[in-house]
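Thanks for coming, everyone. I have a few minutes, so let me put the structure up and walk you through it.

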Protein chains: 2
Amino acid sequence: MVKRYSFDPFINTGAVVREVPLSSSEPKPFSLSNGVFSLHMDEHMRIYGLGESIRGINKRGWIYESWCSDDPFHTEEKRSLYGAHNFLLFDGEERFGAFFDIPGRITFDLGYTDSDTVVITPERFALDLYIITGESLKAIVSEFRTLIGKSYLPPMWAMGYGQSRWGYVTEADIRRCADAYRDARIPLDMLYLDIDYMDSFKDFTVNSERFPDLGAFSAEMKERGIRLIPIIDAAVKKESGYDVYDEGHREGYFCKDEQGEDFVVGVWPGMSVLPDFLNPQASRWFGMKYKRLTDLGIEGFWNDMNEPALFYSEKGLNNAYKEIKELDSKRLDALSFFGVRDTLVRLQNAEDDYKSFYHETPEGRVRHYDVHNLYGYRMTESAYNALCELRGEPPLLFSRASYIGAHRCGGVWTGDNHSWWSHILQSLQQMPGLNMCGFLYSGSDIGGFNGNCTRDLLIRWMSFALFTPLMRNHAAFGTRSQEAFAFGDTEVFRHIIELRYRLIPYLYRSLKEAVERDEMYFRPLVFDYEDDEIAATVEDQLMVGDRLMIAPVYRQNAAARHIYLPEPMTQIRMHEGDISTEELNEGWHYVSVPLGDVVFYTKSPLELAKPARNVGELNFDDTETVGS
Amino acid sequence: MVKRYSFDPFINTGAVVREVPLSSSEPKPFSLSNGVFSLHMDEHMRIYGLGESIRGINKRGWIYESWCSDDPFHTEEKRSLYGAHNFLLFDGEERFGAFFDIPGRITFDLGYTDSDTVVITPERFALDLYIITGESLKAIVSEFRTLIGKSYLPPMWAMGYGQSRWGYVTEADIRRCADAYRDARIPLDMLYLDIDYMDSFKDFTVNSERFPDLGAFSAEMKERGIRLIPIIDAAVKKESGYDVYDEGHREGYFCKDEQGEDFVVGVWPGMSVLPDFLNPQASRWFGMKYKRLTDLGIEGFWNDMNEPALFYSEKGLNNAYKEIKELDSKRLDALSFFGVRDTLVRLQNAEDDYKSFYHETPEGRVRHYDVHNLYGYRMTESAYNALCELRGEPPLLFSRASYIGAHRCGGVWTGDNHSWWSHILQSLQQMPGLNMCGFLYSGSDIGGFNGNCTRDLLIRWMSFALFTPLMRNHAAFGTRSQEAFAFGDTEVFRHIIELRYRLIPYLYRSLKEAVERDEMYFRPLVFDYEDDEIAATVEDQLMVGDRLMIAPVYRQNAAARHIYLPEPMTQIRMHEGDISTEELNEGWHYVSVPLGDVVFYTKSPLELAKPARNVGELNFDDTETVGS
């Protein structure tokens, strides 16, 4: 059951698609006082949800903030990352879900200040609150999901494995990567184009020296079973003569400052402007620009920098320079030095800048700061609507920033993580939260985006990620090569990625069913075994679809781990490409998982396809069944 | 057995105290070629050592660099932290220790580039190499330790619990903290003074407004059983009229630039100079300055910023300002912006600066860069020698930067960590490496230095740290209060800290025996159970002294964990101050450890003292025995 409480919302976020009558009672079980929602937690209460936020499956014990942020350091203390996913599921003596539909900042203190008190503080008290009850954790999630509408389902080929690197600059770089995968006989469905394919980072342009004929190259790759998936950044270079800028400027499609001038920010292309995705005309105008790339045979995109990320604003930069130039370096003490340095560091994603520009929405002019968390969602929506119209079917589409609602238009990846062992577990723990909020096509950058990957890290990460719908290996400029062929001895990678393809019939069906039934593809164990007190504490295993359970190894030099079985299951082991099974009883097991083996569990027989070089070559009718 | 190989060392680092005849053979089992030592690793080889370096007890699979670094972000990818501890213990088909005695940079690639190859690269090929063999892992460590001399043993009161905070500014702040501990009846032996006690961050001065009579205040605190432990930073403020500066400048006791002028760097006091601790006269001169504080009743110190940390140099800062002032902000693109910002960020601890100053050593003038890793060690030695002379007995002394050799003069703490759950485990994993290298009096900042601590994090951290000889709660300026009384409900903290005091008879005897016998106080399980293949993989338990084993909980919201017993042991549980025991068989156990309980293991009966308010009040004769 859903109850809706309304507190002067000033804009329709678009998250909710179902009419819910207003409740006039108190928003129980919260106490509401002075614009703050609070709740006493009993000792055993656990809290799930909050989308891609980090720090465990059970969120109790930390403070979170919804504020879409371009932050590449996903360390434990972070309160916000790229997404704003304001759904929580409280599981204590009281059991209920709560969705705070608010386009601006909101803080969730879940036992941080006081161990047994929840304090939820919307910065501006203008929101809708939905309280959702149901017979089980799963039922509450499904009820919430019917409220926010069906999740995005990608084309089936998007279940393939893909390779990306910020650093592939030319057609030749991309072709070399495709060849290396082919030579190693490792399946591959997608190659992603990071920012260097563009002409001076201008959206919807192609650098003609690097890609003289992108259409022909795209066709060549597709012939080989590989799709090119370019990046689109949110901001548009401010450059007279660049038609996207000229058009948008002329039509008033960019966000404006207080004086009504285009608000100018520094991002990859240098001085740029921000399309006003909250303006329906601007949104449609921008979306239709993707046609320039679909006309070249492109069938999928990733939308990036759409928190929106701001390196600096023209205004902020000028102020900072002024401050620096007035300083006398001879008399600088340590604190002044750090002050100057931090002035430059703080230019990035500055709150003042987010307060300095405006959107033209159907509800009128609104300050960006008050609707900040909708920006990435509305960019994805812009692309999704246009691409569906252009293609007649959904594209492959995923985004860095998001708000609930965006789950109907695309997937998300978890952004610019690191080549850290802890980020394998972190990304596993992000998945159920994302799934609760409807983001089913999701995954993390395998091997880690920032930092240098090692062979063993890549193997272990991939052994988990082969179960994530979005399975992409992606690395940053200047980092060590981390393609599946980069560490020599490619057989181990071939076996793991082949296993992914063999599982696609099950995984895609699971994803499709989760979409159709408003269910989760990844679930914490406790969602399936509500009365199992141990299952409720397991933070490093997940249920996948209706019958699988995964329990990856995520520690350097570990060759075994403890695995909890809430009921008897069949253990499936892939060793050097061969599958073997073993029946295990319920309870704890200390299971040997040598590097390169993949071990997972099934509750009932599982169909496995034959390996294929890409999704198009998969034969769904020619499967073998393992497990009992 | 120890073999010594000498490759043109240009300075005696002071690490080794025993004469070892030169070996003329090849430095087996390493291959030496082009100044690089390499070794093939068999599949099962594990590598221990490298002192305080992070990333697991088994170091295999990453690349490390010895370069004493003031780096407050102890994330997985870091290759260096504050210490340079070049001892490794290889445990494969070949089993041996190796100590690379080199005062400058050296890189240890332990399977990072190639999973089964060790590559060790001294930047300048000028070093002594010691290859150590023995009958067991423990025997190899002890053999190495006899080579480097007896470890520092602190006064017994230094085994007490201490509180610190960068942010206690005045006598009143300190007294308030002492009172709060007293009111909560939580034992306390030390209160540390961070940089604000000084007058303008000038070493050996006391701010007379904040501490009008430090001698009287120190006596007042000592009357209450609490000792004040001030910080001493390495750099000396360049300020004419400040006698320490004037004297050192006149005598030529500061590091010089190429032209023979004092090399000027920016650190906390602003423009400063660096005492030349490698010059024996300068070292003695600086050490004797501690008398100003011992005359006020001070009995212990922590030496900090002695990597040495450089915020900037006068030269670097002027260059950076020049670069910035020449830029035209109007035409700045993203990469130029980041360039400017990074120019300022990179001023800190710049390699160029370390190359720009010199020491006057008994072996002649040497460039700092080539002996960088000795600086912190020599500062500790300076203080230790003087303080022993002044006091007639060893002081409490510990340091942030260190090199092997410093272990004879003081302890180390693991520097500026974070309030992250992962840093509980990280600090546990740092302990055995430090112990191998002789650093026995060690510990981490409990609750984390940077970032905001939570109640549960502090409880879990303390439940581990009560076993570390150096037990200090320390937090940075601007962070949330994290004293044991800061989270309300102080009983749980009182019980944990009281348990520490009850264990001091065992812990101090263990520490003393480890010093006397050249043994480790903290050991990985495999050191005691060499044939136990599971013990060899356990990375989150340690042996403490001759009979205890610890297995702390280090995950948010966890109330149980798996614990491996290599043999039957008695489980000791402290629950609300009460001790209970349970006999457990060898093997894995899934043990419930609710927040506030401390669970540990003993192989044989353990004596526990009665709780006391401080070490001075402990009665070593009035103990009870637990376990069987």
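Start with B:E530, which is partly exposed at a relative accessible area of 27%. Keep in mind that this is a predicted model.

What does B:E530 pair with in a salt bridge? The partner is B:R95, and the closest N and O atoms are 2.5 Å apart. B:R95 lies in strand β8 of chain B, residues 95-101, while B:E530 lies in the loop between α15 (525-528) and β29 (542-544) of chain B, so the pair ties together parts that are 435 residues apart in sequence. B:R95 is partly exposed too, with a relative accessibility of 26%.

Stay on chain B for another pair. B:E123 and B:R105 meet in a salt bridge, at 3.5 Å from N to O. They are 18 residues apart. B:E123 sits in the loop between β10 (117-122) and β11 (127-132) of chain B. B:R105 sits in the loop between β8 and β9 (106-110) of chain B. Which end is buried and which is partly exposed? B:R105 is buried, at a relative accessible area of 11%. The cut-off for buried is under 20%, so B:R105 falls inside it. B:E123 has 47% and counts as partly exposed.

Now over to chain A. A:E567 forms a salt bridge with A:K603, with the closest N and O atoms 3.8 Å apart. The two residues are 36 apart in the chain. A:E567 is in the loop between β32 (560-565) and β33 (569-575) of chain A. A:K603 is in the loop between β36 (598-602) and β37 (606-609) of chain A. Both ends are partly exposed: A:E567 at 27% relative accessibility, A:K603 at 29%.

Chain A also has a salt-bridge network. Its members are A:E65, A:R105, A:E123, A:E351 and A:K355. Over all chains, the count comes to 110 salt bridges. Why can such pairs form at all? Side chains of opposite charge can pair when their charged atoms come close.

Hold on to that total. How many salt bridges are there between chain A and chain B? The count is 0.

So what does the interface contain? Polar contacts, for one: 24 residue pairs across the interface of chain A and chain B, both residues at pLDDT 80 or more. In terms of contact, 57 residues of chain A meet 58 residues of chain B. The area buried between the two chains is about 5300 Å². Carbon and sulfur atoms give 54% of that area. Three residues stand out on the chain A side: A:E76, A:Y321 and A:F337 supply 11% of the area that chain A buries against chain B, more than any other three residues.

Which elements of chain A touch chain B? Those supplying at least two residues each are β18, α7 (314-326), α8 (334-345), α12 (422-436) and β35 (587-592). Helix α8(A) gives the most, with 8 residues. By type, the chain A side divides into 28 nonpolar, 16 polar and 13 charged residues.

A hairpin of 2 residues joins β17(A) to β18(A).

Last, some backbone points to check on screen. The peptide bond from A:K28 to A:P29 is cis, with omega near 0°. A:P29 is in the loop between β1 (2-7) and β2 (31-33) of chain A. Chain B has a cis bond joining B:E307 and B:P308, with omega about -5°. B:P308 is in the loop between β18 (300-304) and β19 (312-313) of chain B.

Then positive phi. A:D518 is not a glycine, yet its phi is about 55°. A:D518 is in the loop between α14 (491-516) and β29 (522-523) of chain A, and A:D518 is buried at 7% relative accessible area. In chain B, B:F201 has a positive phi near 60°. B:F201 is in the loop between β13 (190-193) and α3 (214-223) of chain B.

Key:
Residues are numbered from 1 along each chain as its sequence is written. Chains are lettered from A and ligands numbered from 1 in the order in which they are written. This is a predicted model: local features need pLDDT of at least 70, side-chain atom pairs count only at pLDDT 80 or more; totals for chains, interfaces and linings use all residues. Side-chain values use heavy atoms; hydrogens and water are left out. A salt bridge is a side-chain nitrogen of Lys or Arg within 4 Å of a carboxyl oxygen of Asp or Glu. Helices (H or I, at least four residues) and strands (E, at least two) are DSSP runs, numbered from the N terminus. Buried means under 20% relative accessible area, exposed over 50%, partly exposed in between (1.4 Å probe, protein chains only). Two strands pair if DSSP finds at least two bridges between them. Contact means heavy atoms within 4.5 Å. Buried area is the accessible area (1.4 Å probe) that two parts lose on being put together, summed over both. A polar contact is a pair of N or O atoms within 3.5 Å; within protein, one must be able to donate a hydrogen and the other to accept it, and residues adjacent in sequence count only if both atoms are side-chain atoms. Ala, Val, Leu, Ile, Met, Phe, Trp, Tyr, Cys and Pro count as nonpolar, Asp, Glu, Lys and Arg as charged, and the others, Gly among them, as polar.
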